[in-house]
Amino acid sequence: MAQGTVQVTHTGTSRWRRRTGEYASLAAALEAAGDGDVLTVAPGTYRENLVVQRAVTLRGPEGSPGSVRLAPADGVPLTVRASAIVQDLQVEGQDAAAPALLVEDGAPELADLRIVTRSASGLEVRGGARPTVRRCTVDNPAGIGIAVLDGAGGVFEECEVVAAGQVGVAVRGGAHPRLERCRVHHASGAGFGVTGENSALEATGCEVYEIKGSGVQVSSRASAHLTDCDVHRTTADGVTLDTDAVLTLADCRLHDIPENAVDLRSRSVLTLTRSTVSRFGRNGLSVWDPGTRVDANQCEIHDSTGDYPAVWVSDGATAVLDACRVHDVPDALFVLDRGSRADVVDSDLSQVRNTAVSVSDGATAQLDDCRIREAATGAWFRDHGSGGTLNGCTIDGAQTGVIVTKGADPSIERCTVTSPTEAGFYVSAEGRGSFHGCRVTGSGGYGFHVLDGCRTTLRKCRTERCARGGYEFAEDGPLVEDCTSDESAGVRPVAQETVVQTATRTTGLLGSIPGQRTTEAESAPAPPARTSKAVLGELDKLVGLQSVKREVRALTDMIEVGRKRQQAGLKAASARRHLVFTGSPGTGKTTVARLYGEILASLGVLEKGHLVEVSRVDLVGEHIGSTAIRTQEAFDRARGGVLFIDEAYALSPEDSGRDFGREAIDTLVKLMEDHRDAVVVIVAGYTAEMERFLSVNPGVASRFSRTITFGDYTPEELLRIVEQQAEEHEYRLASGTGEALTKYFTVLPKGLGFGNGRTARQTFEAMLERHAGRVAQLEEVDTDDLTLLYPEDLPELP
């Protein structure tokens, strides 16, 4: 067969018209052919606009892909209006206003076609057409790759859009194609774009990548269902849903996306099943607006590359996570705005750099049987109207388990916080909340720490092995019923018909434990203020801290002599009272700060001398302006006393590009200047970190008179703390136990986890547990058995 000719093979039985033979043009061959005929096109370039209107087979020679080129100067190169078979051709379009291949009717089969064009669309399917398209490629850097429009459908198998100047696959006008094992890449605008009422796309085993825009875009009442698909390497969001869109993702993978992995708004609905979302630059799931909803089941969201929450729910939207995993992210779940809601069931939130669950601006979160691990904050209910329920959840290895602030009012039921470095449950700034059947174990701070003015309810809660104490309440404390601690015999029952709340204290193993509410008749009057001499006497009784005691006494002497000089009509040196405390945890910084405030009050320098202890979590907000408000509130609470900022260096992290800590510092410096006589500020933290903090904040450094360094306790000083604990709780050290303790503290590792005085108290507590286990086995005991602690009662070295 000569090049540039068409061989028509007649497969019918009619003898009335001979059609078999060669034709000089495609148009002539198509005119001559009838249904069922095969048109085999010889290699060459055909500058014709073809219209296939019969059920013929139009094909290039086998084994020569690309040898037949349909390339007219303008118009549509190939139009199919019948259930024909077209295969092994290269279609080239030149008309920017027309598709390269147009399917308008029938159920044709298109196979092994290569469409190379710079036109409006590469392959366009319209109206009632239902083609089956196999192993076809579209290269159209000027327009749409594949467009299925106006109620059309069809099946696309193993097809590839290698370039598209607009959407890779566009579905509009009620069309509903199905894609199987297709690839779309190097498109602009979107990989898949589905829009308009009744428009729908079904895709299985497909891949969308290298997209300048969104990977998948569904909008305006359209829907899509993707199964076993990959979406990755986009420049915009991975998946975008808008205006009543509906999308189902099953067994899909979204990854390497610089913006939101999924963003949905305006009443859109996403169902996400057994899918993974990873390596995203903003939110993994971003859910906005009333009526918008995400239902995720057995999904995994992990490895964020940005500084944004993995799941963001706001403006009245809803998110449901069931049996999901969220890990290695800055924040796991943020729920904002009244009407917004998140329901999380049987899910794991772990390795969260900041907050696992944040609820604010009137939003609600419900977590049931969830596990939170290795987060700075397990859950934070931030402000008035924000609430919800944590039910049967565990929080392990967080800095703080649950925080409730600014009038938030959640219900926390049967939750366990294990090994928090600070508090298990922390309530401040008039936070509320109810805690029922909750437990804190192994806290580096308090179990339950409730600050002034917080109307919190605790029922049947339990604390164990909390370094600073099981419970710490302000004077106007919470309602407490049937709560216990391993640090005392428990908390007394609530008196019936109680009238006021007080902070009645009972002494426990590791500090003070507030009692429960008492009547006015039962509450004792406040003790009179002590003299500076009496307070300094208490300071002198503290174990170790010799250099600290000298510094505090020198400050006290300067202030007292200055006051006497003023009384005598002489000039007094201006003593700056703000201090920097540096040293490791457990070295007595908070205790000394409290005594310092009391000394200043006894000398008339401060009105009250009370201590308000805060950290970064109390001062730094997440929105512009909120940090200044929080810092002002903390400063106001400390008026007339001492504002103690623990781990102050956290306000100025080394990588602080997007951090609001600087706003807290600036606000604090201004307040210290404007109200220099109202509050004494003490900043505290590790020595090296505090040196860096002061060096990068000269405005802060200039406000402090001196730095007092708290050294680590020696083994002998740690022994003395244990001896004090034993004496206080009516125990004695047997012969040889003191020497064993000294040796124990000498070889005990002194890494970052070493707690100094806290370690000594924990060691004493462990000795009591081993002593109890030993004595419980004795049938008869005497006073020595009940009080003597032996070397074998020491815990094992870690």
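What covers the buried residues of H11? In this predicted model, the cover includes H10, strand E65 (732-733), H12 and E66.

The residues being covered are Thr737, Gly738, Leu741, Thr742, Tyr744 and Phe745, which are buried in H11. Seen down the axis of H11, these buried residues fall within an arc of 160°, so they line one face of the helix. On the face turned away from that buried side, H11 carries the exposed residues Glu739 and Lys743. As background to such a pattern, an α-helix has 3.6 residues a turn, so residues three or four places apart point the same way.

Helix H12 (residues 757-775) has 19 residues, which at 1.5 Å a residue should span 27 Å, and this agrees with its end C-alpha atoms, which are 27 Å apart. Among the buried residues of H12 are Gly757, Arg758, Thr759, Phe764, Leu768, His771 and Val775. What covers the buried residues of H12 includes helix H10 (715-728), helix H11 (737-747), helix H13 (783-787) and strand E66 (788-789).

| Strand | Partner strand | Bridges | Direction |
|---|---|---|---|
| E29 (residues 253-257) | E32 (residues 276-280) | 4 bridges | parallel |
| E32 | E35 (residues 300-302) | 3 bridges | parallel |

Individual residues can be followed across these pairings: His255 has Ser278 in E32 as its bridge partner, while Thr276 has Glu300 in E35 as its bridge partner.

Key
Residues numbered from 1 in each chain as written. Predicted model: local features only at pLDDT ≥ 70, side-chain atom pairs only at ≥ 80, totals over all residues. Heavy atoms only, no water. Pairing = 2+ DSSP bridges. Helix = DSSP H or I, 4+ residues; strand = E, 2+ residues; numbered from the N terminus. Expected span 1.5 Å × (residues − 1). Buried < 20%, exposed > 50% of the residue type's maximum accessible area, 1.4 Å probe, protein only. Contact = heavy atoms within 4.5 Å. Arc of directions from axis to C-beta.
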